[in-house]
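Start with a pair of helices, then go on to the cores.

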Amino acid sequence: MDDILRLIHELSVPLPVRVCIATDGSLTHLLEVFFGDEVRVEAVEQEVIKADEEIATLLNMEKGGLVNWRRVLLVVKNQPLVSALSLSVLDRMPPMLRRDI
C-alpha cells in the first residue's frame, strides 16, 4: 500500500468518504451509486486567469499562460455534497471546447 492510500485508510471518516477521497475516476458516478440519484454539477464561478507561478508549476505550463478556473458544486436531491475546483490549461483544449468558455 502506498503512503497516500495508507493516510486515507487511517482517516477517521466513514468508508464512503474514504472511497470518494481515494478515487481517481469519476466522483460524480460514485456519488450517484451511493445516493441512487442523479448528481447535478452546478457552476458557482468560472473565469479565465493567467497562471501564477504556483498554478504554472502545478499544471506544468508557462507562467502567464491562460487557465480556465472553475468552482462547482456536486448536488444530489438538492443537497450540496462536494465543492470542487478545476484548473484547465486553455492551450491544451480542443479549439471547439475553448470557444465555449
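Helix α1, residues 3-10, packs against helix α2, residues 15-22, at an angle of about 155°, and their axes are 9 Å apart. Here helices (H or I, at least four residues) and strands (E, at least two) are DSSP runs, numbered from the N terminus. Axes are lines fitted to C-alpha atoms, for helices over the stretch in contact, with angles from 0 to 180 degrees between N-to-C directions. The angle therefore makes α1 roughly antiparallel to α2, a label for angles over 145 degrees. On the α1 side, the contact (heavy atoms within 4.5 Å) is made by Leu5, Ile8 and His9, and on the α2 side by Arg18, Ile21 and Ala22. Of these residues, four are nonpolar, one is polar and one is charged.

The model is a predicted one, in which local features need pLDDT of at least 70 and side-chain atom pairs count only at pLDDT 80 or more, while totals for chains, interfaces and linings use all residues. Residues are numbered from 1 along each chain as its sequence is written, and side-chain values use heavy atoms, with hydrogens and water left out.

The largest nonpolar core has nine residues: Ile49, Ala51, Ile55, Ala56, Leu59, Met61, Val67, Trp69 and Val89. Such a core is a set of buried Ala, Val, Leu, Ile, Met, Phe, Trp, Tyr and Cys residues joined through side-chain atoms within 4.5 Å, where buried means under 20% relative accessible area (1.4 Å probe, protein chains only). Two or more residues come from each of α4 (53-59) and β2 (66-76), and α4 gives the most, with three. Leaving out residues up to four places away in sequence, Val89 touches Leu59, Met61 and Leu66. Another core, of five residues, lies apart from the largest one and includes Cys20, Val39, Leu74 and Val76.

Conventions
Parallel < 35°, antiparallel > 145°, perpendicular 65-115°, else oblique. Nonpolar A, V, L, I, M, F, W, Y, C, P; charged D, E, K, R; others polar. Buried < 20%, exposed > 50% of the residue type's maximum accessible area, 1.4 Å probe, protein only.
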